[in-house]
Structure formats: structure tokens, C-alpha cells
Amino acid sequence: MKPAYNCFCFAVPSKLFRKLAEKAGEDEGKRLNSHIEHSTRLRTQRHVCSKQGVVPRTVQSPQSFMPAQAYRRSIFNAGTDTDLPGKPVRHEGDKPIRDRAVNRVYDNTGIALNFYHQVFGRESLDDRSMRVESAVHFGKNFANAMWTGEQMVYGDGDENVGGFTEALDIIAHELTHGVIQHMIPGGLGVVKLARKDREFEEQTHALQGQAGALNESFADVMGSMVKQWHARQTVTQANWLLGENMLAPQHGLAIRSLKDPGNRKLTWYDDDQIKTMEQYLDGADVHDSSGIPNHAFYLAAKKMGGFSWEKAGLIWYGAFAKLKPRASFLDAARATCAAAESRFGSKSKEYLAVHSAWQAVKVIT
Ligand SMILES: [Zn+2]
């Protein structure tokens, strides 16, 4: 089934490539922009699964009384072309194949889906065990990962940015865009995009405004939590970086920091993420303004202590599920405060942690 819209959410904001291109010489600059140029050729072919006779594997044999699988993964190989979804190469339950990117995406997607299942009781993106499709080896040296509204797509990267299939938090981030798409009817901050503003022909929608930044932030928050959950890290043990070891060392160490958004020593040399409403400008890139709710989550989780997913994560998940498509930061602050209050009480440490976090980023007074 086609989604209502094709909202492309890139792991690495286009701005980062533009900045690298500005810094680089002319030839290098041209090449850096090529991920955008060649990607306009993206073509999608749907229903590959049904054509190739791939059947859902939820049917249990009489001997097996395992609970129904909460999700089904399918990995496709785009073979450095831009046809999607590509050739099916590994399905749920299949043994690893001789392709590291395929196996890493299979495993990391499984960790993220397990996190949603075990922590929130969510069954796949739509909470109805839908098949989760990912394509690897997309394009020639395509240096990005994305959620297309239908599936996750990973390029092999180039000498500036790479390692997308290795990065659990990036994979969980992209997968979370799929969760939000199903969780909030109409999406969160999704707007129709003019043809001239598209990076891909098929990219009909994009994220904008505070609601779009909340969508980005939720994907970062969940991405960071999946990483912490997998490593069993407490809020103090975690480094709260997103997309570590993906940039070439001369560009920086990570894509974003939830602990200190915009701290270029922790992230990359021109990181413009903001962390309080004093820095907020209407029309800013959603990957920049997402720093505000990102930092609010970090502060709340830090104050509660322990594991982020046990309290702060539950509060955020429950509250975001109730947001409207055009929600503001203030709406998110109110929703998370209300969720903390109903779960833990109005005098609880958890409620106070959430309230003071939104105060610190100056969304509420
Ligand atoms: Zn994103």
C-alpha cells in the first residue's frame, strides 16, 4: 500500500554537504553535491515482494507455540543503482549472507524493532507487525541514509561521510520516521514540497516548522535511546552523540549531540544546532531547531537518572503519540508534562524533571 505522502528524511542534513562543498575546492565541491544530482533519478518499483512470491512468515507450525513475530524484515540490494526497492536478498529468519551491509542492516533494524517491542510494546512501524523494508548499496557512493515514506535506504558513503549501515542510532532514527508516520495520522510537521525544492523526483513532502523539528527530534531521541538500550548505558554513561564515526576525521566526530546541541567540538565543524528558544528563528532547518526538544529530553532524562528508556522514554513516547500534525514545541512540552503527571504524579521527581527541562530550553517559563 502506498503511503499518503513520500516524505524523505535524510540522516545527514543536506546543509552539511553544502558546507563541505563550500569549504572544498571546485572539483570536490561538485562531487559532494553529486549525491543530490544523481539521486534525482530515483525510481521506485513497488510490490516486488508479492511479484517474487515472498510470503509473510507469521504462520506457525503446530509444534511451535512461539508468539507471533512482532515484525518482519526484508533487505534489498540496490546494486549501486537507484531503482527501489532493489533485489530482495534477505528476509526474516534467513541466515546471514556474504554482504556485510545487508547483515548489519538486518541486525540493527532488528535491535531497533526489538527496542520498540520490548520497551513500548509496539509491533513494528504501524504497531500491526508490518514488513520493514530496507535497501542497501543505493546509488554510487551515495553518502546518506533516508526514510522515503515507504522504506529505509542506505548508500555506501564516500570518503567524507559513510558507515550508515553500521550506525545503530542512525538506523533507529530513520526507522522512527516510519513509526511517527504511522503513529500520527497526517504525519508530524509534514508539508507538501514545491517541485523546485525536491532533492528527488519522488520526494513530494518534507518536514517543516516546529512540528517538523519535533519529528526530527523524536527520531534523534529514539535513535539515541536505542543505542543506549543496546549498550545497557545509564544516562550518565551515555555520550548522547548521534552518528559517531561517520564523518571523515577532518570534518568532525558526530552528526549531532543531545547533551550539548551545536557544540562543534563534540560534533562537526559547522554544526548550527540550537538549544534554547532564544536562538529560534522561524523557517530554520528542522535539523537545527530539533536541538531544542532534543536538549529538553536529555535534561529530563538526566535529572531522572538511571536508564533513559525506563521513565523519560516512556513519557516521550506516550506524549508524542498524542501530538497533532502541526504541534508546536509548547504543545510537546505540555504533552510530556501531562504524560509525566499522569504516570508519576504532579509532585513526582519525574514530572519536575520534565517541567524544568522545558523551562531550561525556554519553551515554558
Ligand atoms: Zn531525520
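This is a predicted model: local features need pLDDT of at least 70, side-chain atom pairs count only at pLDDT 80 or more; totals for chains, interfaces and linings use all residues.

The sheet first: it is open and has six strands, in the order β1-β7-β8-β6-β3-β5, with mixed pairing.

β3, residues 72–77, runs parallel to β6, and the two are joined over six bridges. As an example, Ile-75 has Ser-134 in β6 as its bridge partner.

Two helices go with the sheet. Helix α5, residues 100–120, packs on it and touches β3, β5, β6 and β8, with its direction at about 155° to that of β3. Helix α6, residues 168–183, lies across β1, β7 and β8, and runs at about 15° to β7.

Back to β6, which spans residues 131–136 and contains Glu-133. Is Glu-133 buried or exposed? Its relative accessible area is 12%, under the 20% cut-off, so Glu-133 counts as buried. Glu-133 and Gln-151 are 18 residues apart in sequence, yet their C-alpha atoms are 5.2 Å apart in space.

Last, the helix pair. Helix α7, residues 209–231, packs with helix α9, residues 291–304, at an angle of about 40°, and the axes are 8 Å apart. That angle makes α7 and α9 oblique to each other, and their crossing is right-handed. On the α7 side, the contact is made by Ala-213, Leu-214, Ser-217, Asp-220, Val-221 and Met-225; α9 supplies Pro-293, Asn-294 and Phe-297. By class, the contact has six nonpolar, two polar and one charged residues.

Methods
Residues are numbered from 1 along each chain as its sequence is written. Side-chain values use heavy atoms; hydrogens and water are left out. Axes are lines fitted to C-alpha atoms, for helices over the stretch in contact, and angles run from 0 to 180 degrees between N-to-C directions. Helices (H or I, at least four residues) and strands (E, at least two) are DSSP runs, numbered from the N terminus. Angles under 35 degrees count as roughly parallel, over 145 as roughly antiparallel, 65 to 115 as roughly perpendicular and the rest as oblique. A crossing is left-handed if the near helix is turned anticlockwise from the far one by less than a right angle, and right-handed if clockwise. Contact means heavy atoms within 4.5 Å. Ala, Val, Leu, Ile, Met, Phe, Trp, Tyr, Cys and Pro count as nonpolar, Asp, Glu, Lys and Arg as charged, and the others, Gly among them, as polar. Buried means under 20% relative accessible area, exposed over 50%, partly exposed in between (1.4 Å probe, protein chains only). Two strands pair if DSSP finds at least two bridges between them.
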